[in-house]
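Subject: the two-chain model

Hi,

Here is the structure I said I'd send over.

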Amino acid sequence: MDITAELDAMRADVQGCALVAYADLSSQLVLCTSAASNPAQEEMNALSKAAQLALDGEFAAGAAPSWGGEAPAEVSVLMTGAEARLFLRAPNNPTEALMCVCAPDIDLEAAVAEARATLQRIGSQG
Amino acid sequence: MSEFARLEEKLAKLRHRERIPGEGRKLRGTGPDALLAAIVTEIDETILPRRLTFEVPGGHIHLAVANRRLQALLGPAPASIPDGLVGLKLPDVEEPAVAKLGAALKTVLAEAEAVGVSAIRLTETFGSDIGVPAEQLPRVWSVKASKTLSASETLEAFLVRLDTKSVAWLRIEGEEVTGQGGPEAIVSGLAEQAALFLDGYFSKFETAFRESSLACGTLISPGDAAQTGLFFIEIDTVSAILSAPTSEILGIATAWQRLVAE
């Protein structure tokens, strides 16, 4: 299964997930997207900027001392009353990450578990 | 200087530098009684001295509020408000102007469907014992007190349910730490961590959140199950920072999101 199909499958499996994208954190470039409706480029740019901020930028740097500061942030969730944006770093390629835009009442544990499995499958494809 | 004092000092600097003073929200209600009840709730949630500004048809209502007490109606006021009420100190509920102010507010709110509300630091000085306690206003203004939990009560109810054997938290209101829970060893370091995190949080807030007034939670966690992650939550003007094991933090965040999401 190619990356697009993996993202499509995750979006179908996670209830309340409207968008899944795979991005390069260092360049803030969206590599692949699965969405119910075609997202605007500005929206994707904002999403990848937020992912970089949360996993590698100021948010991550400010949070890291709480776990000793050695390991990088793996998971981040930015929540508003209208949505939950989930970011998960790829285990095999730390500069890449999965980004998900979900309903605000999503089960985060289930969504992260599914995202991890998706990233493992993507990573195993080389 | 204690760890909390450092955090409070940092919060005061950060909020003044990065946050928009008087960032607004909307109160909604069906009819003037419901809107007036919502205003009473705002007064009840205000502990630090604040100038609460309500955008109403025909102008703005400015209230001096501190310690959950209504201290005065401040100028300028809409033309329909009697001049004698503007700037008049309200020492307690026995002051006849309190009932008159309630009636005048109902008149102003009669045409409103929603009322914008914002708060800034109060520059006028009133005595700490001056003012009508919010809990007495529904009776004198003939409105039913709102039965919904205030933001402060919602946060408190959430925090006290956390497992304090593994989860540490600081409750922050304005620029003050107003509560804490969890293992002492973790709590003592959390203030320093909070100051560091909030420095980046406020400086990059607009990058992370498209609609700032809706932000309610930020979670950052490492992958190692044996480590802890950080969860910062906000509801109106109250907030909390939590340190929780990575195995628990997603469940905590889900519970919070379901509590406060639209």
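In chain A, residues 24 or more positions apart account for 52% of the contacts with a separation of 6 or more. Keep in mind that this is a predicted model. Chain A has 126 residues, of which 48% count as buried. Its secondary structure comes to 4 helices and 5 strands, and from the N terminus on the order is α-β-β-α-α-β-β-β-α.

Now for how the chains meet. On the chain A side, 34 residues are in contact with 38 residues of chain B. Helix 2 (41-55), helix 3 (58-63), strand 3 (75-80) and helix 4 (108-124) of chain A each put at least two residues into that side. By type, the chain A residues touching chain B split into 21 nonpolar, 7 polar and 6 charged. As for the predictor's own scores, the complex gets an ipTM of 0.95 and a pTM of 0.68.

As a rule, nonpolar side chains in soluble globular proteins tend to be buried together. Here the largest nonpolar core has 82 residues, and A:Ala54 and A:Cys100 have the most contacts inside it. The element that gives the most to this core is helix 6 (residues 184-203) of chain B, with 7 residues. Another core, of 37 residues, lies apart from it and includes B:Leu27, B:Ile39, B:Val40 and B:Val108.

If you want to click around A:Cys100, leave aside its neighbours within four places in sequence and you'll find it in contact with A:Cys17, A:Leu19, A:Val20, A:Leu86, A:Ala111 and A:Ala115.

Back to helix 6 of chain B: its 20 residues reach 29 Å from the first C-alpha to the last, close to the 28 Å expected at 1.5 Å a residue. Where does helix 6 of chain B bend? At B:Leu190, by about 35°. B:Leu190 is also one of the buried residues of this helix, along with B:Ala191, B:Gln193, B:Ala194, B:Ala195, B:Phe197, B:Leu198 and B:Tyr201.

Last, a word on confidence in chain B. Its mean pLDDT is 85, and 88% of its residues reach 70 or more.

Cheers

Definitions and conventions: Residues numbered from 1 in each chain as written. Chains lettered and ligands numbered in written order. Predicted model: local features only at pLDDT ≥ 70, side-chain atom pairs only at ≥ 80, totals over all residues. Core = buried A, V, L, I, M, F, W, Y, C linked by C-beta atoms within 7 Å. Buried ≥ 20, exposed ≤ 12 C-beta atoms within 10 Å, placed from the backbone. Contact = placed C-beta atoms within 7 Å. Nonpolar A, V, L, I, M, F, W, Y, C, P; charged D, E, K, R; others polar. Expected span 1.5 Å × (residues − 1). Bend = angle between axes of the 7 residues up to and from the residue. pLDDT = per-residue confidence, 0-100.
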